[in-house]
Amino acid sequence: MNSNHSGSTGHAPTRRIASRAAIATALAAVLGVALVGCGGQGKDSGQQGQAAASGEAAADNGAKVLWVGDSIAGAEAPALEAALKASGVGFKDASSDGGGTVVDGGDEITGKISGDTWKQLAGDIQSFRPTVIAYQVTTYDWGAQDKQRAAYEKLARTAKDAGAKLVLVAAPPIKIDEFYQKHEPQMRTAPKAAEEAAKNSGGAAVFLDSSPLWGTDAGAAKAQRSSDGIHNCQQGAAAFAKWFSEQLGRQAGFTPATVDTWAKGAWTGDARYGNLKCGS
């Protein structure tokens with residue numbers, strides 16, 4: 001399902017290229033790293049930086065992350081892929097614009113979306129064979145809290161049966177517009193249900209609260225939302241990738257690559273950010 005909250009179609013490449021130097025400067029300021037131009041190497045990046053820039057893993061450590069969520073997760077994915085591949089972690093972006101939920105809330109929309117998500121998940125598990133399934137709570141995780149919890153518990157069992165760990169991630173705060181307004185109460189209970197599911201999983205799942213990174217106010221600078229109030233631009237994606245790779249490293253037993261090996265890579269020109277009018 002597609003919606004007007006998707007950030008998947010891009011502007012002309014010339015606009016993105018023109019803004020990449022400014023993006024690199026902003027990323028350096030946000031993350032505290034020294035960057036030498038956009039797409040170039042940091043002064044200490046070496047071969048690992050070259051691998052990250054080309055999208056290749058620096059060294060395979062056996063971990064493979066399947067990233068599942070909606071278009072908000074999709075806007076985080078380019079930086080997350082760069083950060084994890086630079087850390088030697090395999091990555092597959094299975095996020096879905098205008099969808100991605102595993103929760104069937106009992107309505108036509110989530111019934112259709114969740115069915116599609118479960119079908120795609122089964123295929124991705126078979127073909128990609130992840131060691132970690134990371135699910136960011138979506139803006140479509142509607143339904144009563146017990147339905148939310150049941151869906152996350154099913155996801156934990158699915159991950160365990162596949163030999164993978166489930167990592168449930170709270171979504172960032174977003175602007176509640178007319179589309180989301182009637183679902184706001186359900187959106188508030190979803191992370192609570194995810195945390196409960198992780199506690200009930202017997203170690204098959206963990207819950208990561210992202211509020212220390214984003215805060216709880218979508219209008220605050222800390223939330224790093226784009227002009228639409230929902231998705232993030234490159235700076236937010238990089239901040240999330242740094243935070244999440246550190247959290248995941250503790251769970252999966254790997255050392256995250258330093259930020260200057262991946263933060264200035266080609267991912268900053270992803271079409272999503274042009275569509276969101278980032279870096280203009």
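The largest pocket of this structure holds about 580 Å³ of space. The model is a predicted one. Lining this pocket are 23 residues, and those nearest its centre are A171, P172, P173, M187 and P191. Sorted by class, the lining of the largest pocket is made up of eleven nonpolar, six polar and six charged residues. Helix α7, which spans residues 184-199, gives the most to this lining, with six residues.

The strands form a sheet. Five strands make up an open sheet in the order β2-β1-β3-β4-β5, and their pairing is parallel. The edges are taken by β2 (90-93) and β5 (205-208); each has a single partner strand, so one side of each has no neighbour in the sheet. On average, neighbouring strands of this sheet are turned by 20° against each other, direction ignored. In general, strands of a sheet pair through backbone hydrogen bonds, in either a parallel or an antiparallel way.

Within the sheet, strand β3 (residues 132-136) pairs with strand β4 (residues 165-169) in the parallel sense, over five bridges. Y135 has L168 of β4 standing opposite.

| Helix | Residues | Lies across | Angle |
|---|---|---|---|
| α3 | residues 71-86 | β1 (64-68), β2 and β3 | about 165° to β2 |
| α9 | residues 234-252 | β1, β3, β4 and β5 | about 145° to β4 |

How values were computed. Residues numbered from 1 in each chain as written. Predicted model: local features only at pLDDT ≥ 70, side-chain atom pairs only at ≥ 80, totals over all residues. Heavy atoms only, no water. 1 Å grid on protein atoms, 1.4 Å probe; cavity = no way out; pocket = protein on both sides within 12 Å on 5 of 7 lines; lining within 4 Å. Points joined across faces, edges and corners; volume = space filled by probe spheres on them. Helix = DSSP H or I, 4+ residues; strand = E, 2+ residues; numbered from the N terminus. Nonpolar A, V, L, I, M, F, W, Y, C, P; charged D, E, K, R; others polar. Pairing = 2+ DSSP bridges. Axes fitted to C-alpha atoms, helices over the stretch in contact; angles between N-to-C directions. Contact = heavy atoms within 4.5 Å.
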